[in-house]
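This briefing is meant to be read with the structure open beside it. Please look at the picture first, and then follow the topics below one at a time.

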Amino acid sequence: MPYSYLSHLRCSKTGEIVDADQPQQLSPVGAPLLASYDLEALKQAWHPAALLGRPASLWRYHELLPVRDPAQVVTLGEGFTPLLPLPRLGKQVGIPDLWMKDESLTPTGSFKARGAAVGVSRARELGVTHFAMPTNGNAGAAWALYGARAGLRSTIVQPQAAPAITRLESALAGARLYLVDGLISDAGRQVAEAVAQQGLFDASTLKEPYRIEGKKTMGFEIAEQLGWTLPDVILYPTGGGVGLIGIYKALGDFLVLDALYRTEGCAVAVEDGAIQRELRQLASQEGCFVCPEGAAAFAAARQLREAGWIQGGERVVVLNTGAGIKYPDAITVVPQRLRRDGRIPA
């Protein structure tokens, strides 16, 4: 059996086939490229029992990942994160069968490690030596750290408002770290200029084909952890949308709006106040210190249940995409005061 059943890349807009064994960015028409696999051949050779005894990491699904040579795999033990039932919060929200896929335990403290592991591994396999990317924080930190493990050079550009801990991660990994006084779009322009002038590999969101392949393993894991069944609802906090596309790709096909339409899903906006309240609820009721994005997804679950979009008997899986400790300024707490004599009040 081949280690990978990767067959080609295809344009997400036109379907045009592109060689997967050369470094690629966008398709000829400027659309994202998506990895395709020889699923018919895989069906003939693979059965779920093949997973028995494999390491509890995302690489257990290597047949549907793009790295052809196992010697090129760059790993920090990422993947196969817990799928936790949340009975107390579920009862309060009105969703008794509520679960959390907890990515806070992934290396680098964020689900971005999945995309970095696969993206960096495939980049190294294809001969990339120096990549660049704009980031709001976690993705750049993950790529810098995995790049260091792979022996690759990295250039990371962040807005100054990005979390300080991700800046530290990137710098300690040896990345060329630059801060811009602006938004992620401003960082993107700086990266595009450096890519054009210095010949760097552009690892920006959806401008390389393989980050999404790492993220789709969240979908594989959810299915395997639920005994190869699927939940009724999966809630995912969407920024660039790569994780959402990846999960859907693991279960069907591609791109954010297509993923929503074809699964009869929806998108929900969540206010900052609701995120703050959900952070406190998850920590106090379930002992889970989630990231703000994860809290937003739980707030969305609450809203959708109140609106009747989620039914009380449905199984719901919410993605917590990172560790709350990476966002020390996300919420303010006021400690209790000692008595004047220095003792704890009764």
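This is a predicted model: local features need pLDDT of at least 70, side-chain atom pairs count only at pLDDT 80 or more; totals for chains, interfaces and linings use all residues.

The pairing around it joins strand β5 (residues 98–102) to strand β11 (residues 316–320), which run in the parallel sense and are linked over five bridges. From there the briefing moves to the sheet, then to a hairpin, and lastly to a pair of helices.

**The four-stranded sheet**

- Strands of a sheet pair through backbone hydrogen bonds, and this pairing can be either parallel or antiparallel.
- Here four strands form an open sheet in the order β4-β5-β11-β10, and the pairing within this sheet is mixed.
- The edges are taken by β4 (83–85) and β10 (233–235), each of which has a single partner strand, so one side of each is left without a neighbour in the sheet.
- On average, neighbouring strands of this sheet are turned by 25 degrees against each other when direction is ignored.
- Helix α12 (residues 292–306) lies across β5, β10 and β11, and the helix runs at about 155 degrees to β11.

**Strand β1 and its two partners**

- Strand β1 (residues 6–11) runs antiparallel to strand β3 (residues 33–37), and five bridges join the two; within this pairing, Cys11 stands opposite Leu33 in β3.
- Strand β1 is also joined by two bridges to strand β2 (residues 17–18), again in an antiparallel arrangement, and here the bridge partner of Leu9 is Val18 in β2.
- The hairpin of β1 and β2 has five residues between the strands, and in this hairpin Gly15 takes a positive phi near 85 degrees.

**How α3 and α4 pack**

- Two packed helices are described by the angle between their axes together with the distance between the axes.
- For helix α3 (residues 112–125) and helix α4 (residues 138–150), the packing angle is about 40 degrees and the axes are 9 Å apart, which makes α3 oblique to α4.
- The crossing in which α3 passes α4 is right-handed.
- On the side of α3, the residues that meet α4 include Lys112, Ala116, Val120 and Arg124, while those of α4 that meet α3 include Asn138, Ala142, Trp143 and Tyr146.
- Sorted by class, the contact of α3 with α4 has nine nonpolar, four polar and two charged residues.

Note on methods. Residues are numbered from 1 along each chain as its sequence is written. Side-chain values use heavy atoms; hydrogens and water are left out. Axes are lines fitted to C-alpha atoms, for helices over the stretch in contact, and angles run from 0 to 180 degrees between N-to-C directions. Angles under 35 degrees count as roughly parallel, over 145 as roughly antiparallel, 65 to 115 as roughly perpendicular and the rest as oblique. A crossing is left-handed if the near helix is turned anticlockwise from the far one by less than a right angle, and right-handed if clockwise. Contact means heavy atoms within 4.5 Å. Ala, Val, Leu, Ile, Met, Phe, Trp, Tyr, Cys and Pro count as nonpolar, Asp, Glu, Lys and Arg as charged, and the others, Gly among them, as polar. Two strands pair if DSSP finds at least two bridges between them.
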